[in-house]
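Here is a structure to read through in short questions and answers.

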Amino acid sequence: MVRRIDVTGAGGVSLAAWEYADPPKAGEAEQARGGVLLLHGLMGRASHWAGTARWLSERHRAVAIDQRGHGRSEKPADGPYTREAYVDDAEAALEQLALSPAVLIGHSMGALTAWQLAARRPDLVRGLIICDMRASALGAASQREWEAWFKSWPVPFATLADVRKWFGEDDPWVERPNPSRGAFFAEVMTEGPDGWRPVFDPAQMLKSRETWVYDAHWEELVQVQCPALVVRGLDGELGRAEAQEMVRVLPRGAYAEVSDAGHLVHYDRPGGWREAIEPFLDQTLP
């Protein structure tokens, strides 16, 4: 069963939240213990968490949201696509879905949103999983690279097979064939009269990114009071040294890594991802 739940985010922006399985039946006391909110990364969508949400739902209520500008959520032309807006949206989702105190699981930009919310509202967050997101500033050169990368996309794509091939093999950013990367991007495409294009506006993605790419976010990590697990793919964007420094800075930090995985850890190695995070969840959620 896939169920959509409408959530009202900051400024009245309409957000789509999704459950990918029936939550376990529980009494009111058990339901009050909270659940799991899954936050995708830049360009992602809630369905990227479907596999994780399904096994989580065997024991807990797990909900993924399409963040503003993504998936089936509203994509306001003028935004805002600030850090504050994304964090406010996640806070609104926790409260409207009655998930708190929740474990937040975030990938990439979604992980930053998660730890910023955990720092701001410790009463809403009982645990935090950070998947392959750096705390250091990436800088202006990184933003220019992303601008050039978006311009290099051969849109529209004639077929979804072309999407999978380009992002999995032909994209200059791909060092070796990566079918899971191709599948990841195929999931964020929609068909129009002239072919397949992303469901998001690349200009809005760059706006979202520029609100955090120039800054470091170590101070907010220090403020996270709940247990936190930093997970990286061995070939991901978060290096081991920085990940371990993040664990040191976090008051209650722990570390895990997944071999044979890149930035899209939960997509590249779903089994390894589950093995990495399940012990933490067993300790953090009843």
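Q: What is the radius of gyration of the chain, and what would a compact globule have?
A: This is a predicted model. With 286 residues, a compact globule would have a radius of gyration near 19 Å. The chain agrees with that, at 18 Å.

Q: What share of the residues counts as buried?
A: Buried means under 20% relative accessible area. The count runs over the 286 residues of the chain. The buried share is 55%.

Q: What share of the contacts with a separation of 6 or more comes from residues 24 or more positions apart?
A: The chain has 12 helices and 10 strands. Contact means heavy atoms within 4.5 Å. Among contacts with a separation of 6 or more, residues 24 or more positions apart account for 72%.

Q: How many positive and negative side chains are there, and what distance lies between the centres of the two sets?
A: There are 31 positive side chains and 41 negative ones. The centres of these two sets lie apart by 2 Å.

Q: What distance separates the end C-alpha atoms of helix α4?
A: Helix α4 covers residues 109-120, which is 12 residues. At 1.5 Å a residue, α4 should span 16 Å. The distance between its end C-alpha atoms agrees with this: 17 Å.

Q: Why is α4 described as largely enclosed, and which of its residues are buried?
A: Of the 12 residues of α4, 11 are buried, so the rest of the structure largely encloses this helix. The buried residues are M109, G110, A111, L112, T113, A114, W115, Q116, L117, A118 and A119.

Key: Residues are numbered from 1 along each chain as its sequence is written. This is a predicted model: local features need pLDDT of at least 70, side-chain atom pairs count only at pLDDT 80 or more; totals for chains, interfaces and linings use all residues. Side-chain values use heavy atoms; hydrogens and water are left out. Helices (H or I, at least four residues) and strands (E, at least two) are DSSP runs, numbered from the N terminus. The radius of gyration is taken over C-alpha atoms; the globule rule is 2.2 Å times the number of residues to the power 0.38. Buried means under 20% relative accessible area, exposed over 50%, partly exposed in between (1.4 Å probe, protein chains only). Lys and Arg count as positive and Asp and Glu as negative; His and the chain ends are not counted. The place of a charge is taken as NZ of Lys, CZ of Arg, CG of Asp or CD of Glu. The expected span of a helix is 1.5 Å times one less than its number of residues.
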